[in-house]
Amino acid sequence: ILLSLGPAMLGLLLYLRRPALGVLALVFAAMMVPLSVGTGTGTSLNPVILMVPLMTGIWLLTIALRHRAIRIHRHSSIYFLLALNITVILALIVGRLSWFDIPGAGTAAQLGGVMVFFVSSAAFLLAAHLLDERWLARLVYMFIFIGASIVVLQFVPSMRSSITRFVTIGAMGSVFWIWLVTLAAGLALFHTSLTIHSRLLLAAVAAVTLLFGFMRNGEWASGWAPPLVALLLLVWLKYPRWGWAFLFIATLVFFFEFDHFWTLATSNESWLARRQAWQIVLDTASANPLLGLGPSNYYFYVQQATIMGWGGAWSVKFSSHNNWVDLIAQVGIVGTFLFVAFSASLARAGWRLYRRLPNGFGRGYAAACIAGLIATLISGLLGDWFLPFVYNIGLEGMRASVLFWLFLGGLLSLYKGQGISGTT
(Lines give C-alpha, C1' and ligand atoms only; values in the text may rest on other atoms or scores of the structure.)
Protein backbone atom coordinates (compact mmCIF):
# COMPACT_ATOMS: atom_id res chain seq x y z
CA ILE A 1 0.00 0.00 0.00
CA LEU A 2 2.83 2.39 0.90
CA LEU A 3 4.59 1.71 -2.39
CA SER A 4 1.40 2.47 -4.29
CA LEU A 5 0.84 5.86 -2.65
CA GLY A 6 3.17 7.69 -5.02
CA PRO A 7 1.58 6.42 -8.26
CA ALA A 8 -1.88 6.84 -6.69
CA MET A 9 -1.23 10.51 -5.92
CA LEU A 10 0.10 11.07 -9.43
CA GLY A 11 -2.96 9.37 -10.87
CA LEU A 12 -5.21 11.51 -8.69
CA LEU A 13 -3.59 14.72 -9.94
CA LEU A 14 -3.94 13.58 -13.56
CA TYR A 15 -7.57 12.66 -12.96
CA LEU A 16 -8.32 16.07 -11.49
CA ARG A 17 -6.70 17.73 -14.49
CA ARG A 18 -8.12 15.38 -17.16
CA PRO A 19 -11.08 13.45 -15.72
CA ALA A 20 -11.60 11.52 -18.97
CA LEU A 21 -8.10 10.12 -18.56
CA GLY A 22 -9.35 8.33 -15.45
CA VAL A 23 -11.80 6.29 -17.53
CA LEU A 24 -8.97 5.15 -19.81
CA ALA A 25 -6.86 4.30 -16.77
CA LEU A 26 -9.77 2.30 -15.38
CA VAL A 27 -9.99 0.11 -18.49
CA PHE A 28 -6.23 -0.36 -18.59
CA ALA A 29 -6.14 -1.36 -14.91
CA ALA A 30 -9.10 -3.71 -15.31
CA MET A 31 -7.39 -5.48 -18.19
CA MET A 32 -3.70 -5.36 -17.34
CA VAL A 33 -3.13 -4.75 -13.62
CA PRO A 34 -3.35 -8.01 -11.62
CA LEU A 35 -3.75 -6.13 -8.33
CA SER A 36 -5.78 -7.92 -5.68
CA VAL A 37 -6.35 -6.60 -2.17
CA GLY A 38 -7.47 -9.16 0.40
CA THR A 39 -10.47 -8.45 2.61
CA GLY A 40 -10.18 -11.27 5.13
CA THR A 41 -13.00 -13.12 3.34
CA GLY A 42 -13.02 -15.31 0.26
CA THR A 43 -13.29 -12.20 -1.94
CA SER A 44 -10.53 -9.75 -2.84
CA LEU A 45 -10.79 -6.24 -4.22
CA ASN A 46 -9.54 -5.51 -7.74
CA PRO A 47 -8.79 -2.16 -9.42
CA VAL A 48 -12.38 -1.77 -10.65
CA ILE A 49 -13.80 -2.00 -7.13
CA LEU A 50 -11.13 0.34 -5.80
CA MET A 51 -11.05 2.95 -8.56
CA VAL A 52 -14.70 3.45 -9.51
CA PRO A 53 -15.97 4.58 -6.08
CA LEU A 54 -12.98 6.90 -5.65
CA MET A 55 -13.40 8.42 -9.13
CA THR A 56 -17.15 8.80 -8.59
CA GLY A 57 -16.70 10.53 -5.26
CA ILE A 58 -14.17 13.00 -6.68
CA TRP A 59 -16.37 13.67 -9.71
CA LEU A 60 -19.48 14.35 -7.62
CA LEU A 61 -17.52 16.55 -5.21
CA THR A 62 -16.00 18.50 -8.09
CA ILE A 63 -19.27 19.27 -9.85
CA ALA A 64 -20.94 20.07 -6.53
CA LEU A 65 -18.24 22.63 -5.70
CA ARG A 66 -18.29 24.13 -9.19
CA HIS A 67 -22.05 24.33 -9.67
CA ARG A 68 -23.18 24.17 -6.03
CA ALA A 69 -25.40 21.30 -7.11
CA ILE A 70 -24.94 17.84 -8.58
CA ARG A 71 -25.99 17.95 -12.22
CA ILE A 72 -26.37 14.85 -14.32
CA HIS A 73 -27.70 14.24 -17.81
CA ARG A 74 -31.45 14.24 -18.16
CA HIS A 75 -32.14 10.93 -19.83
CA SER A 76 -34.54 8.12 -19.05
CA SER A 77 -31.73 5.55 -18.83
CA ILE A 78 -30.26 7.39 -15.84
CA TYR A 79 -33.65 7.63 -14.14
CA PHE A 80 -34.20 3.90 -14.60
CA LEU A 81 -30.69 3.18 -13.34
CA LEU A 82 -31.14 5.28 -10.21
CA ALA A 83 -34.48 3.57 -9.57
CA LEU A 84 -32.76 0.20 -9.96
CA ASN A 85 -30.20 1.09 -7.31
CA ILE A 86 -32.94 2.23 -4.94
CA THR A 87 -34.59 -1.15 -5.53
CA VAL A 88 -31.30 -2.86 -4.68
CA ILE A 89 -31.27 -1.06 -1.33
CA LEU A 90 -34.88 -2.11 -0.67
CA ALA A 91 -34.00 -5.68 -1.64
CA LEU A 92 -31.09 -5.57 0.79
CA ILE A 93 -33.44 -4.47 3.58
CA VAL A 94 -36.07 -7.13 2.91
CA GLY A 95 -33.29 -9.65 2.39
CA ARG A 96 -32.46 -9.33 6.07
CA LEU A 97 -35.80 -10.90 6.92
CA SER A 98 -36.03 -14.59 7.72
CA TRP A 99 -37.68 -15.92 4.59
CA PHE A 100 -36.67 -19.50 5.34
CA ASP A 101 -35.37 -21.52 8.25
CA ILE A 102 -31.94 -21.50 6.57
CA PRO A 103 -29.71 -18.47 7.27
CA GLY A 104 -28.97 -16.30 4.25
CA ALA A 105 -25.69 -14.80 3.13
CA GLY A 106 -23.48 -12.96 5.59
CA THR A 107 -23.36 -9.19 5.75
CA ALA A 108 -20.12 -8.99 3.78
CA ALA A 109 -21.52 -11.10 0.96
CA GLN A 110 -24.72 -9.07 0.80
CA LEU A 111 -22.76 -5.82 0.69
CA GLY A 112 -20.61 -7.36 -2.02
CA GLY A 113 -23.76 -8.06 -4.03
CA VAL A 114 -24.86 -4.45 -3.56
CA MET A 115 -21.43 -3.25 -4.72
CA VAL A 116 -21.83 -5.10 -8.00
CA PHE A 117 -24.87 -2.95 -8.82
CA PHE A 118 -23.50 0.29 -7.40
CA VAL A 119 -20.04 0.08 -8.99
CA SER A 120 -21.49 -0.91 -12.38
CA SER A 121 -23.93 2.01 -12.26
CA ALA A 122 -21.21 4.43 -11.18
CA ALA A 123 -18.98 3.31 -14.07
CA PHE A 124 -21.82 4.04 -16.48
CA LEU A 125 -22.35 7.52 -15.02
CA LEU A 126 -18.63 8.30 -15.13
CA ALA A 127 -18.32 7.43 -18.81
CA ALA A 128 -21.56 9.25 -19.66
CA HIS A 129 -20.39 12.51 -18.08
CA LEU A 130 -16.60 12.54 -18.42
CA LEU A 131 -16.13 11.46 -22.03
CA ASP A 132 -16.63 13.44 -25.19
CA GLU A 133 -16.32 12.01 -28.70
CA ARG A 134 -12.57 12.58 -28.83
CA TRP A 135 -11.88 10.83 -25.53
CA LEU A 136 -14.41 8.13 -26.34
CA ALA A 137 -12.49 7.35 -29.54
CA ARG A 138 -9.27 7.16 -27.54
CA LEU A 139 -10.90 4.77 -25.09
CA VAL A 140 -12.18 2.54 -27.88
CA TYR A 141 -8.89 2.36 -29.75
CA MET A 142 -6.95 1.73 -26.53
CA PHE A 143 -9.28 -1.15 -25.63
CA ILE A 144 -9.05 -2.63 -29.14
CA PHE A 145 -5.25 -2.42 -29.01
CA ILE A 146 -5.05 -4.07 -25.58
CA GLY A 147 -7.62 -6.71 -26.47
CA ALA A 148 -6.05 -7.51 -29.82
CA SER A 149 -2.62 -7.80 -28.20
CA ILE A 150 -3.96 -10.26 -25.64
CA VAL A 151 -5.61 -12.40 -28.33
CA VAL A 152 -2.74 -12.35 -30.83
CA LEU A 153 -0.10 -13.15 -28.22
CA GLN A 154 -2.12 -16.24 -27.30
CA PHE A 155 -0.90 -17.72 -30.59
CA VAL A 156 2.73 -17.36 -29.44
CA PRO A 157 3.49 -20.26 -27.06
CA SER A 158 6.38 -18.45 -25.37
CA MET A 159 4.14 -15.46 -24.57
CA ARG A 160 1.13 -17.27 -23.09
CA SER A 161 2.64 -17.60 -19.63
CA SER A 162 3.64 -13.93 -19.65
CA ILE A 163 0.07 -12.90 -20.51
CA THR A 164 -1.39 -14.84 -17.61
CA ARG A 165 0.89 -12.90 -15.24
CA PHE A 166 -0.87 -9.66 -16.15
CA VAL A 167 -4.29 -10.66 -17.50
CA THR A 168 -6.44 -12.42 -14.93
CA ILE A 169 -9.25 -14.85 -15.67
CA GLY A 170 -11.77 -12.26 -14.52
CA ALA A 171 -10.70 -9.91 -17.30
CA MET A 172 -11.43 -12.54 -19.95
CA GLY A 173 -15.15 -12.92 -19.35
CA SER A 174 -17.74 -13.04 -22.11
CA VAL A 175 -18.14 -9.24 -22.17
CA PHE A 176 -14.49 -8.86 -23.19
CA TRP A 177 -14.95 -11.05 -26.26
CA ILE A 178 -18.27 -9.47 -27.20
CA TRP A 179 -17.09 -5.88 -27.16
CA LEU A 180 -13.70 -6.54 -28.75
CA VAL A 181 -15.40 -8.16 -31.75
CA THR A 182 -18.25 -5.64 -31.82
CA LEU A 183 -16.23 -2.42 -31.59
CA ALA A 184 -13.60 -3.55 -34.07
CA ALA A 185 -16.20 -4.78 -36.57
CA GLY A 186 -18.44 -1.74 -36.09
CA LEU A 187 -15.64 0.69 -36.90
CA ALA A 188 -14.43 -1.44 -39.80
CA LEU A 189 -17.91 -1.42 -41.35
CA PHE A 190 -19.02 2.17 -40.68
CA HIS A 191 -15.98 4.38 -40.04
CA THR A 192 -15.36 5.19 -43.68
CA SER A 193 -13.02 8.08 -42.81
CA LEU A 194 -10.36 5.55 -41.88
CA THR A 195 -7.94 4.29 -44.47
CA ILE A 196 -8.72 0.98 -46.11
CA HIS A 197 -5.71 -0.57 -44.37
CA SER A 198 -6.98 0.54 -40.96
CA ARG A 199 -10.43 -0.84 -41.65
CA LEU A 200 -8.99 -4.14 -42.84
CA LEU A 201 -6.88 -4.32 -39.69
CA LEU A 202 -9.96 -3.74 -37.52
CA ALA A 203 -11.86 -6.40 -39.47
CA ALA A 204 -8.95 -8.77 -38.93
CA VAL A 205 -9.05 -8.11 -35.17
CA ALA A 206 -12.76 -8.97 -35.08
CA ALA A 207 -12.29 -12.10 -37.20
CA VAL A 208 -9.24 -13.41 -35.33
CA THR A 209 -10.90 -12.78 -31.96
CA LEU A 210 -14.04 -14.64 -32.99
CA LEU A 211 -12.02 -17.46 -34.56
CA PHE A 212 -9.81 -17.77 -31.49
CA GLY A 213 -12.80 -17.86 -29.18
CA PHE A 214 -14.36 -20.61 -31.29
CA MET A 215 -11.28 -22.77 -31.88
CA ARG A 216 -9.59 -22.44 -28.50
CA ASN A 217 -12.69 -22.49 -26.30
CA GLY A 218 -15.33 -24.02 -28.56
CA GLU A 219 -17.06 -25.73 -25.65
CA TRP A 220 -17.33 -22.35 -23.89
CA ALA A 221 -20.26 -20.86 -25.78
CA SER A 222 -20.02 -17.56 -23.91
CA GLY A 223 -16.77 -16.83 -25.71
CA TRP A 224 -18.03 -17.12 -29.27
CA ALA A 225 -21.86 -17.35 -29.50
CA PRO A 226 -22.74 -13.81 -28.25
CA PRO A 227 -19.92 -12.19 -30.30
CA LEU A 228 -21.17 -14.05 -33.36
CA VAL A 229 -24.69 -12.70 -32.75
CA ALA A 230 -23.26 -9.18 -32.46
CA LEU A 231 -21.34 -9.57 -35.72
CA LEU A 232 -24.45 -10.77 -37.57
CA LEU A 233 -26.38 -7.77 -36.22
CA LEU A 234 -23.69 -5.39 -37.46
CA VAL A 235 -23.78 -6.97 -40.91
CA TRP A 236 -27.56 -6.57 -40.89
CA LEU A 237 -27.22 -2.88 -40.02
CA LYS A 238 -24.65 -2.34 -42.74
CA TYR A 239 -26.56 -4.23 -45.43
CA PRO A 240 -30.24 -3.98 -44.43
CA ARG A 241 -31.48 -5.24 -47.79
CA TRP A 242 -29.54 -8.43 -47.27
CA GLY A 243 -30.46 -8.73 -43.61
CA TRP A 244 -33.22 -11.26 -44.10
CA ALA A 245 -31.00 -13.32 -46.36
CA PHE A 246 -28.28 -13.46 -43.70
CA LEU A 247 -30.88 -14.39 -41.10
CA PHE A 248 -32.30 -17.12 -43.32
CA ILE A 249 -28.86 -18.61 -44.02
CA ALA A 250 -27.85 -18.41 -40.35
CA THR A 251 -31.11 -20.12 -39.34
CA LEU A 252 -30.57 -22.92 -41.86
CA VAL A 253 -26.99 -23.49 -40.73
CA PHE A 254 -28.07 -23.52 -37.09
CA PHE A 255 -30.93 -25.93 -37.83
CA PHE A 256 -28.93 -28.44 -39.87
CA GLU A 257 -25.84 -28.23 -37.67
CA PHE A 258 -27.72 -28.04 -34.38
CA ASP A 259 -26.18 -31.25 -33.02
CA HIS A 260 -22.70 -29.92 -33.73
CA PHE A 261 -23.38 -26.56 -32.09
CA TRP A 262 -25.04 -28.29 -29.13
CA THR A 263 -22.02 -30.56 -28.62
CA LEU A 264 -19.71 -27.55 -28.72
CA ALA A 265 -21.76 -25.34 -26.44
CA THR A 266 -22.84 -27.77 -23.73
CA SER A 267 -23.69 -31.36 -22.84
CA ASN A 268 -26.95 -33.04 -21.96
CA GLU A 269 -25.83 -33.37 -18.33
CA SER A 270 -24.87 -29.70 -18.12
CA TRP A 271 -28.10 -28.55 -19.75
CA LEU A 272 -30.15 -30.75 -17.41
CA ALA A 273 -28.36 -29.28 -14.39
CA ARG A 274 -28.80 -25.70 -15.61
CA ARG A 275 -32.53 -26.15 -16.17
CA GLN A 276 -32.96 -27.61 -12.71
CA ALA A 277 -30.90 -24.80 -11.16
CA TRP A 278 -33.01 -22.12 -12.87
CA GLN A 279 -36.25 -23.74 -11.77
CA ILE A 280 -35.10 -24.22 -8.18
CA VAL A 281 -33.83 -20.63 -7.86
CA LEU A 282 -37.02 -19.17 -9.38
CA ASP A 283 -39.21 -21.34 -7.15
CA THR A 284 -37.22 -20.15 -4.13
CA ALA A 285 -37.48 -16.50 -5.20
CA SER A 286 -41.27 -16.81 -5.43
CA ALA A 287 -41.32 -16.24 -1.66
CA ASN A 288 -40.91 -12.52 -2.47
CA PRO A 289 -41.34 -12.04 -6.22
CA LEU A 290 -41.51 -8.22 -6.26
CA LEU A 291 -38.19 -7.38 -4.56
CA GLY A 292 -36.51 -10.76 -4.51
CA LEU A 293 -34.57 -12.35 -1.69
CA GLY A 294 -31.86 -9.71 -1.47
CA PRO A 295 -28.28 -9.68 -2.84
CA SER A 296 -26.43 -13.01 -2.61
CA ASN A 297 -29.02 -14.70 -0.35
CA TYR A 298 -30.50 -17.33 -2.65
CA TYR A 299 -27.18 -19.15 -2.82
CA PHE A 300 -27.75 -20.34 0.75
CA TYR A 301 -31.50 -20.87 0.47
CA VAL A 302 -31.16 -23.50 -2.28
CA GLN A 303 -28.58 -25.68 -0.52
CA GLN A 304 -31.15 -28.31 0.48
CA ALA A 305 -32.38 -28.74 -3.09
CA THR A 306 -31.23 -31.70 -5.17
CA ILE A 307 -29.85 -31.46 -8.71
CA MET A 308 -29.70 -34.57 -10.86
CA GLY A 309 -26.84 -35.04 -13.31
CA TRP A 310 -23.39 -36.50 -13.95
CA GLY A 311 -24.48 -39.90 -12.76
CA GLY A 312 -25.93 -38.91 -9.40
CA ALA A 313 -27.98 -36.59 -7.23
CA TRP A 314 -26.26 -33.63 -5.63
CA SER A 315 -27.32 -31.50 -2.67
CA VAL A 316 -24.92 -28.54 -2.78
CA LYS A 317 -24.95 -24.77 -2.79
CA PHE A 318 -25.12 -23.53 -6.35
CA SER A 319 -25.72 -20.44 -8.45
CA SER A 320 -28.04 -20.25 -11.42
CA HIS A 321 -25.29 -19.42 -13.97
CA ASN A 322 -27.85 -17.08 -15.52
CA ASN A 323 -27.84 -13.31 -15.08
CA TRP A 324 -31.57 -13.03 -15.65
CA VAL A 325 -32.45 -15.64 -13.05
CA ASP A 326 -29.99 -13.96 -10.67
CA LEU A 327 -31.69 -10.61 -11.20
CA ILE A 328 -35.13 -12.00 -10.39
CA ALA A 329 -33.80 -13.86 -7.36
CA GLN A 330 -31.88 -10.90 -5.94
CA VAL A 331 -33.95 -7.80 -6.84
CA GLY A 332 -37.23 -9.34 -7.95
CA ILE A 333 -39.54 -8.46 -10.80
CA VAL A 334 -39.29 -4.75 -10.00
CA GLY A 335 -35.49 -4.65 -10.29
CA THR A 336 -35.48 -6.82 -13.41
CA PHE A 337 -38.06 -4.57 -15.08
CA LEU A 338 -36.00 -1.47 -14.31
CA PHE A 339 -32.87 -3.06 -15.79
CA VAL A 340 -34.80 -4.01 -18.94
CA ALA A 341 -36.16 -0.45 -19.17
CA PHE A 342 -32.63 0.93 -18.73
CA SER A 343 -31.35 -1.29 -21.54
CA ALA A 344 -34.27 -0.47 -23.84
CA SER A 345 -33.75 3.26 -23.30
CA LEU A 346 -30.11 2.99 -24.34
CA ALA A 347 -30.98 0.79 -27.31
CA ARG A 348 -33.35 3.49 -28.51
CA ALA A 349 -30.68 6.17 -28.01
CA GLY A 350 -28.21 4.09 -29.99
CA TRP A 351 -30.73 3.55 -32.77
CA ARG A 352 -31.49 7.27 -33.02
CA LEU A 353 -27.78 8.04 -33.19
CA TYR A 354 -27.21 5.39 -35.83
CA ARG A 355 -30.05 6.68 -37.99
CA ARG A 356 -29.03 10.34 -37.68
CA LEU A 357 -25.23 10.28 -37.97
CA PRO A 358 -23.32 9.92 -41.24
CA ASN A 359 -20.75 7.17 -41.65
CA GLY A 360 -17.84 7.82 -39.31
CA PHE A 361 -16.71 7.05 -35.79
CA GLY A 362 -20.00 8.12 -34.18
CA ARG A 363 -22.16 5.95 -36.42
CA GLY A 364 -19.82 3.00 -36.11
CA TYR A 365 -19.82 3.32 -32.35
CA ALA A 366 -23.61 3.60 -32.18
CA ALA A 367 -23.99 0.49 -34.35
CA ALA A 368 -21.46 -1.37 -32.20
CA CYS A 369 -23.34 -0.42 -29.03
CA ILE A 370 -26.67 -1.63 -30.42
CA ALA A 371 -25.16 -4.98 -31.36
CA GLY A 372 -23.01 -5.18 -28.22
CA LEU A 373 -25.95 -4.40 -25.95
CA ILE A 374 -28.14 -7.12 -27.46
CA ALA A 375 -25.30 -9.66 -27.48
CA THR A 376 -24.38 -8.92 -23.86
CA LEU A 377 -27.98 -9.34 -22.75
CA ILE A 378 -28.03 -12.69 -24.56
CA SER A 379 -24.79 -13.70 -22.85
CA GLY A 380 -26.65 -13.34 -19.56
CA LEU A 381 -28.50 -16.54 -20.44
CA LEU A 382 -25.16 -18.38 -20.38
CA GLY A 383 -23.67 -16.93 -17.21
CA ASP A 384 -23.64 -13.96 -14.87
CA TRP A 385 -21.51 -11.85 -17.17
CA PHE A 386 -22.85 -8.27 -17.02
CA LEU A 387 -23.69 -8.30 -13.28
CA PRO A 388 -21.42 -10.94 -11.72
CA PHE A 389 -22.86 -12.99 -8.88
CA VAL A 390 -20.74 -12.91 -5.72
CA TYR A 391 -20.68 -16.69 -5.33
CA ASN A 392 -20.00 -17.54 -8.98
CA ILE A 393 -17.88 -15.24 -11.14
CA GLY A 394 -17.51 -12.90 -8.21
CA LEU A 395 -16.18 -9.38 -7.92
CA GLU A 396 -13.15 -10.38 -9.98
CA GLY A 397 -15.50 -10.76 -12.95
CA MET A 398 -16.14 -7.03 -12.84
CA ARG A 399 -12.84 -6.54 -14.64
CA ALA A 400 -14.70 -7.60 -17.78
CA SER A 401 -18.30 -6.68 -16.94
CA VAL A 402 -17.34 -3.03 -16.35
CA LEU A 403 -16.65 -2.75 -20.09
CA PHE A 404 -20.36 -3.20 -20.81
CA TRP A 405 -21.27 -0.33 -18.48
CA LEU A 406 -18.47 1.98 -19.61
CA PHE A 407 -19.19 1.61 -23.31
CA LEU A 408 -22.91 2.12 -22.77
CA GLY A 409 -22.04 5.23 -20.76
CA GLY A 410 -19.97 6.31 -23.74
CA LEU A 411 -23.03 5.85 -25.94
CA LEU A 412 -25.06 8.20 -23.75
CA SER A 413 -22.19 10.70 -23.76
CA LEU A 414 -22.12 10.64 -27.55
CA TYR A 415 -25.91 10.89 -27.67
CA LYS A 416 -25.99 13.97 -25.44
CA GLY A 417 -22.99 15.45 -27.25
CA GLN A 418 -24.91 15.36 -30.52
CA GLY A 419 -27.62 17.52 -28.92
CA ILE A 420 -30.45 15.18 -29.87
CA SER A 421 -33.66 16.42 -28.31
CA GLY A 422 -35.78 14.27 -26.04
CA THR A 423 -35.04 12.37 -22.86
CA THR A 424 -35.97 8.90 -24.05
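**A guided look at cores, helices and a cavity**

Guide: Welcome! In this predicted model, the largest nonpolar core holds 111 residues, and those with the most contacts inside it are F124, F143, W179 and Y365.

Visitor: Which helix gives this core its largest share?

Guide: That is helix α8 (residues 174-190), which supplies 14 residues. As a general idea, nonpolar side chains tend to be buried together in soluble globular proteins. There is also a second, separate core of 21 residues, with W278, A285, F300 and A329 among them.

Visitor: What is F124 in contact with, leaving aside its neighbours within four places in sequence?

Guide: F124 is in contact with S77, I78, L81, F342, L346, W405, L408, G409 and L412.

Visitor: How many residues of α5 are buried?

Guide: Of the 24 residues of α5, 19 are buried, so this helix is largely enclosed by the rest of the structure. Helix α5 covers residues 107-130 and reaches 33 Å from its first C-alpha to its last, close to the 34 Å expected at 1.5 Å a residue.

Visitor: What span should helix α2 have?

Guide: With 14 residues (19-32) at 1.5 Å a residue, α2 should span 20 Å, and its end C-alpha atoms are 20 Å apart, which agrees. Buried residues in α2 include A20, V23, L24 and V27.

Visitor: Let me turn to the backbone. What is the phi of S296?

Guide: The general idea is that most residues other than glycine have a negative phi. S296 has a positive phi of about 75° although it is not a glycine. S296 is found in the loop between α13 (268-285) and α14 (298-301). H321 has a positive phi too, of about 55°, and is not a glycine either. H321 lies in the loop between β4 (312-314) and α15 (323-356).

Visitor: How many cavities of 30 Å³ or more does a search of the whole structure find?

Guide: The search finds 1. About 60 Å³ of space lies in the largest cavity. Among the residues that line it are G113, F117, D326, Q330 and P388.

Visitor: Which helix supplies the largest share of that lining?

Guide: The largest share, 4 residues, comes from α15. Both α5 and α15 supply at least two residues each. By type, the lining divides into 7 nonpolar, 3 polar and 1 charged.

Notes. Residues are numbered from 1 along each chain as its sequence is written. This is a predicted model: local features need pLDDT of at least 70, side-chain atom pairs count only at pLDDT 80 or more; totals for chains, interfaces and linings use all residues. Side-chain values use heavy atoms; hydrogens and water are left out. The expected span of a helix is 1.5 Å times one less than its number of residues. Buried means under 20% relative accessible area, exposed over 50%, partly exposed in between (1.4 Å probe, protein chains only). A nonpolar core is a set of buried Ala, Val, Leu, Ile, Met, Phe, Trp, Tyr and Cys residues joined through side-chain atoms within 4.5 Å. Contact means heavy atoms within 4.5 Å. On a 1 Å grid over the protein atoms alone, a cavity is a set of points where a 1.4 Å probe fits but cannot get out, and a pocket is an open set with protein on both sides within 12 Å along at least five of seven lines; lining residues have an atom within 4 Å of a point. Grid points are joined across faces, edges and corners, and a volume is the space filled by probe spheres set on the points. Ala, Val, Leu, Ile, Met, Phe, Trp, Tyr, Cys and Pro count as nonpolar, Asp, Glu, Lys and Arg as charged, and the others, Gly among them, as polar.
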